[in-house]
Each structure stands twice: as structure tokens, then as C-alpha cells.
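This report describes a protein model through its interface, its strands and its charged pairs. The sequence and structure come first.

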Protein chains: 2
Amino acid sequence: MDNLYVIKIGGNVIDNSENLHFFLNDFASLDGYKILIHGGGKLATDLSHTLGIEPRLVDGRRITDIETLRVVTMVYAGLINKNIVAQLQRYGNNAIGLTGADANLIKASKRPVKEVDYGYVGDLNKASVASDKLEQLLQSGLVPVFSAITHDGEGQLLNTNADTIASAIAVAMSSSFKVSLVYCFEKKGVLRDVNDNESIIREIGSSEFEQLKSDNVIAGGMLPKLHNAFQAIQNGVSDVYIGKSDELPFLKEHLFGTRLFA
Amino acid sequence: MDNLYVIKIGGNVIDNSENLHFFLNDFASLDGYKILIHGGGKLATDLSHTLGIEPRLVDGRRITDIETLRVVTMVYAGLINKNIVAQLQRYGNNAIGLTGADANLIKASKRPVKEVDYGYVGDLNKASVASDKLEQLLQSGLVPVFSAITHDGEGQLLNTNADTIASAIAVAMSSSFKVSLVYCFEKKGVLRDVNDNESIIREIGSSEFEQLKSDNVIAGGMLPKLHNAFQAIQNGVSDVYIGKSDELPFLKEHLFGTRLFA
């Protein structure tokens, strides 16, 4: 099977035009099949603020009301996505910018209203990703670039977590490719000592993960990240990398951040 | 050769959600190969106004400064484009939303600065449209939906006239398809009497066009529209229709607006 990289970047890359510039250059140099997923970052918050739309949070989680959905559709699917595509074209990658609505690639369900109404937020399931269509785009030489917007198939766009999209795409494509899922975040990897940015743990197998958890080496915000990563691995993804975007050139030699595997 | 409809809609369809709704329903019902191109309409002007960006006009022509480019990229390529795609998905069309940067489908040149600096505006040439790639998307069952944004191949997005994009796509695709180019505008067609909305001229051949011009039946704003249409026909397009969006269902029976032909 061919290798496929599914790479997710977030605010720490997108919000800094120099970081983004270097990252896209490195991403363009990566050979073989690849898919980029980007979150939104600060630009959407800034535009909402300028437009006088107050962010609504419940238990620290953002509510996507109809005004916020309009803003994220403009910023994620328009401004950020199309600028990334234009940059990648410049670097010789035949990028194509997509939401889940395009070619019906990711069909989500509006999150059911329980204690909290999260608004226009999409949840994914196993059948959400149209992997055949996505494979067709890859095979025709295109580099798909996804913003974190999906749809429900009934005409409604939905704001969707970019990490979740990356993981769902990686799992869905693992029946046709040997998939490496790559999360770029603000640290160089999973750290043995949170106060030492160089104390990167290079590799964590699933059994070692259990040990690190009981030893309390991995805790806090890192725990759900790794749980989701190992879930992707259980569902067919070959390995998951977590590291810093500027170290992407080392990915080919498996020297990017922390590598998680079965 | 298979038939291909290249259909352009502008502000009078997009700015009215009911018009847009009915149009997309009718568009979705149209069988065979088709491509939709949409302009921007009032939404971009409204957002610019809210953001305090003053429209700059020179000789009645709008200047696209960097702030305006950001707005049109958000509104055209994000908000409008993705909502159209989601609606078409609802109606069973496998739509894919595109700019010229996506898959490098339309490469433009920034308009040279002469007496006037139009800013980030893209001009097209004969080689601008990647017709092979576009045909590949059509053949794979997708319905391309273009917003009027292109790129220069050097990382710069460019605001581009939607009529020009429609015409360039129609001409480029006419080597592989029998292309009908359809312009939706506010009237039911070319009128024999501008004060009588029902005085539609059903068909105009190129020789008849010369006659109508010298008889002063066609004048004013209609002249450049028809000149461009006949230029497309000279360059390979089979026929050009000009009419009102709500009469789209009559297109198949050649009863949509005015039909122009060689």
C-alpha cells in the first residue's frame, strides 16, 4: 500500500504568517500522497469581535450560533483555505481547497441538543468520509486541503473540530493507504518533563502508553489527545505523530515529535 | 460530443434567498454536464461597509485593494460558494466549490497598472483554464461551482469578473463538449422594446445582430454583453443564452430568454 500523510495544523501555525509560510514550504516538499486539514485560529475570533458578535461559551466550549457559523465559513473555508491553496500552488503542489460539503466528502450530523445546545456543530461517524471520492482526487494528482467545515446533506453547513476531521479522514483512508496521521501543535512532542521542552519522548507504543499514564508522566490536556490518537491506531491508522510544525522536514526520517504506534 | 451547460448567476439571484433557492432547485434538475459560476452581489459590499472599508471607484470601476480582496475571498469563495454547494448537495447534485486557485483551474495575470491601478484584479487569456483537469472533474460525476476568484500561480489570489470567467470556461471546454453558455440577468432576454419586458427576441444570429445594431434596437449596456457573447461563439461555443434565472426549466426546450448563435 502507498503511504499517505494526513496532517493537521491549528492556530499556532495559521495565526503567524511566517510560521505558515515556512510550514507550507515544508509541506509542499513532502513527497507522495498527502492531505492537509487546518483549523481556524484567531482570525475568526477577530472578525467576530469586529462584527460585534459576542462569543458564547458553555462550560468553556464555544457555541456556534448562526452568526458565528457565517464567520467561520467566511474565514476558514474562504480566507484561510484559499490562501493556503494559492501558496501551495506557488510551491508546485496541485492543491484543492475543500469543505466536507464539496463532493460530499464529509457528511456530519448536527450535534443533538441535550443539556447544552452547541448550535451548528457537526459530529462525525464511521460512514462520514467519502473515502472513494477522496482517493480519486489523490490518484488524480491533487493535494486536498480541508477547512473544518462539514455539512449535513440537507443544505446545512456545520462547524466541526479539525482534530476530529483529521482523525476521521485518516481512519477512513487506512483501508487503501498506509496512513500516518500528523498533529502539529505548540510543543516539539510529548514531553517526559513538562518544564523541559527538549525532553521529548520519541516513541510510545500502546502498552507503554498505559505505563506512562499510571506513572502520571502523561496527564492533563495531553491525555485526551493521546487517547484519540491510539483510537485512530486501533481503527487502522499506522502511526500518529505529534510535534511542532517547523520540524516537518524530519518526518520522513521518523524524527518528527513523538511517534505513537500499536 | 456531449452537451455542457456553463451557467452564470449574479447579484440579482444571489442577493435574494428565495430567488437563489428556486434557481438552485431548477439548476439541480438540469440533466447532463454543467458548471455554475457565481458573482458576489451585495453581501460583499455590505460586509465591507460593516468593516469600515470604503469602496474605491475609478471611472465607475471598482478597485480591489488588499482589504477588499480579503472581503471578496471570504464572501464569494467562503460564504456564498459553500452555501450553494451545500444546497446543491441537498438536491442530489454532487457539487464541488472552487476558485481558480483550486487544482490550478484558472490561472490569471494581475491587471497591469496603466492610468489606473485596479489592484488585485485578474485578467484571463486563452491558456488560463485548465480544461483537462476540469473535464476530469466533470467526468467523475462532480458539478463544479466557481466563485469569481482566481490566482496568479505565484501565491496571489485575484478578484476576477464572473462573466469573463464563464466565457473563458465555455470557450476552453468547447474543444471537448458542445457548450451552451447561459447568462442569467434581471430581464427575460434581449428586448425589442426596452419598455416592454415581454418583447423578447427569441433568437439572434450573428448577421441579424449586425442588423439590430445598425437599427439601434440593441444599444447601451446590452451591446458589450452581446459582443462578448458573439466572441465566445466565434471561439467555439455553440450558443449563448441570456435570460432570467426563474425560466431555467425552459432551457432544455430552447425557450430560455434569447438564444444567440453563429
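Is Asp239(B) buried or exposed? At 2% relative accessibility, Asp239(B) counts as buried, where buried means under 20% relative accessible area, exposed over 50% and partly exposed in between (1.4 Å probe, protein chains only).

## Basis of the values

This is a predicted model, in which local features need pLDDT of at least 70 and side-chain atom pairs count only at pLDDT 80 or more, while totals for chains, interfaces and linings use all residues. Residues are numbered from 1 along each chain as its sequence is written, chains are lettered from A and ligands numbered from 1 in the order in which they are written, and side-chain values use heavy atoms, with hydrogens and water left out.

## Surroundings of Asp239(B)

Asp239(B) lies in strand β13 (residues 239-243) of chain B; helices (H or I, at least four residues) and strands (E, at least two) are DSSP runs, numbered from the N terminus. Leaving aside neighbours within four places in sequence, Asp239(B) is in contact (heavy atoms within 4.5 Å) with Val179(B), Ser180(B), Leu181(B), Ile233(B), Arg259(B) and Leu260(B).

With one of these residues, Arg259(B), Asp239(B) forms a salt bridge, the closest N and O atoms being 2.9 Å apart. A salt bridge is a side-chain nitrogen of Lys or Arg within 4 Å of a carboxyl oxygen of Asp or Glu. Arg259(B) lies in strand β14 (residues 258-261) of chain B and Asp239(B) in β13 of chain B, so the pair ties together parts that are 20 residues apart in sequence. Both Arg259(B) and Asp239(B) are buried. In chain A, salt bridges that share partners join Glu203(A), Asp239(A) and Arg259(A) into one network.

## Interface between chains A and B

The size of an interface is often given as the accessible area lost when the parts come together. Chain B and chain A bury about 3,000 Å² between them, 66% of it on carbon and sulfur atoms; buried area is the accessible area (1.4 Å probe) that two parts lose on being put together, summed over both. In chain B, the residues that lose the most area to chain A are Met74(B), Leu79(B) and Lys82(B), together 18% of what that side buries. The contact takes 38 residues from chain B and 38 residues from chain A.

Two salt bridges are counted between chain B and chain A. The side chains of Lys82(B) and Asp102(A) meet in a salt bridge of 2.8 Å, N to O.

On the side of chain B that touches chain A, the elements giving two or more residues are α3 (42-50), α4 (66-90), β5 (95-98) and α5 (131-139) of chain B. α4(B) gives the most, with 14 residues. The residues of this side divide into 17 nonpolar, 15 polar and six charged; Ala, Val, Leu, Ile, Met, Phe, Trp, Tyr, Cys and Pro count as nonpolar, Asp, Glu, Lys and Arg as charged, and the others, Gly among them, as polar.

β5(B) pairs in the parallel sense with strand β8 (residues 143-147) of chain B over four bridges; two strands pair if DSSP finds at least two bridges between them. The bridge partner of Ala95(B) in β8(B) is Val143(B).

In chain A, six of the seven residues of strand β1 (residues 3-9) are buried, so β1(A) is largely enclosed by the rest of the structure. β1(A) runs parallel to strand β11 (residues 178-184) of chain A, joined by six bridges, and pairs in the parallel sense with strand β2 (residues 33-38) of chain A over six bridges. Lys8(A) stands opposite Tyr183(A) in β11(A) and opposite Ile37(A) in β2(A).

## Other salt bridges

Over all chains the count comes to 16 salt bridges. Lys213(A) forms one with Glu210(A), the closest N and O atoms being 3.4 Å apart. Being three residues apart in helix α7 (residues 206-214) of chain A, Lys213(A) and Glu210(A) are separated by about one helical turn. Lys213(A) is partly exposed, with a relative accessible area of 22%, and Glu210(A) is partly exposed at 45% relative accessibility.

In chain B, the side chains of Asp123(B) and Arg111(B) meet in a salt bridge of 2.9 Å, N to O. The pair links distant parts of the chain, with Asp123(B) in strand β7 (residues 122-123) of chain B and Arg111(B) in the loop between β6 (109-110) and β7 of chain B, twelve residues apart. Asp123(B) is partly exposed, with a relative accessible area of 25%.
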